[in-house]
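Subject: Structure for you to look over

Dear colleague,

I am handing over the structure below, and I would be glad if you could look through it alongside my notes.

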Amino acid sequence: MSNYIDTEKKQELFQNYGKSATDTGSAESQIALFSYRIAHLTEHLKQHKHDYNTQRALLRLVGKRRSMLDYLVKTDIERYRAIVKALGLRK
């Protein structure tokens, strides 16, 4: 993992969106982490428009988050609605 996200920030994300600070596996905590990384990469790309490797990484992350959200829709619609509302995602 890159150095732009430290352990404390990760634990804070997992605490806020997962079940506990060590809950790294739940869909909600992973979606929150993906969203944080997506926001970071988006800011980077605003400065460096021709950084195509980062652009590809961003698209892969968006796809992973979308897959995770699709999984939540199929398994538990209430959890899906809660995480979308908490993170302010569209759809």
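Predicted model: local features only at pLDDT ≥ 70, side-chain atom pairs only at ≥ 80, totals over all residues.

Residues are numbered from 1 along each chain as its sequence is written, and side-chain values use heavy atoms, with hydrogens and water left out.

Helices here are DSSP runs (H or I, at least four residues), numbered from the N terminus. Helix α3, residues 52-75, has 24 residues and reaches 35 Å from its first C-alpha to its last, close to the 34 Å expected at 1.5 Å a residue (the expected span being 1.5 Å times one less than the number of residues). The residues of α3 that are buried are T54, L58, L61, R65, M68, L69 and L72, where buried means under 20% relative accessible area with a 1.4 Å probe and protein chains only. Among what covers them are α2 (27-47) and α4 (77-87).

These two covering helices also meet each other: the axes of α2 and α4 come within 11 Å and cross at roughly 25°, the axes being lines fitted to C-alpha atoms over the stretch in contact, with angles from 0 to 180 degrees between N-to-C directions. The two are therefore roughly parallel, a term for angles under 35 degrees. Their contact (heavy atoms within 4.5 Å) is made by A27, E28, I31, A32 and S35 of α2 and R79, I83 and L87 of α4. By class, this contact has five nonpolar, one polar and two charged residues, where Ala, Val, Leu, Ile, Met, Phe, Trp, Tyr, Cys and Pro count as nonpolar, Asp, Glu, Lys and Arg as charged, and the others, Gly among them, as polar.

One residue of that contact deserves a separate note. S35 lies in helix α2 and is buried, with a relative accessible area of 12%; leaving aside residues up to four places away in sequence, S35 touches R65, L87 and L89.

Helix α2 also meets α1 (residues 7-17), and here the axes come within 8 Å and cross at roughly 135°. The contact is made by K9, K10, L13, F14 and Y17 of α1 and E28, S29, A32, L33 and Y36 of α2, and by class it has six nonpolar, one polar and three charged residues.

Key:
Buried < 20%, exposed > 50% of the residue type's maximum accessible area, 1.4 Å probe, protein only. Parallel < 35°, antiparallel > 145°, perpendicular 65-115°, else oblique.
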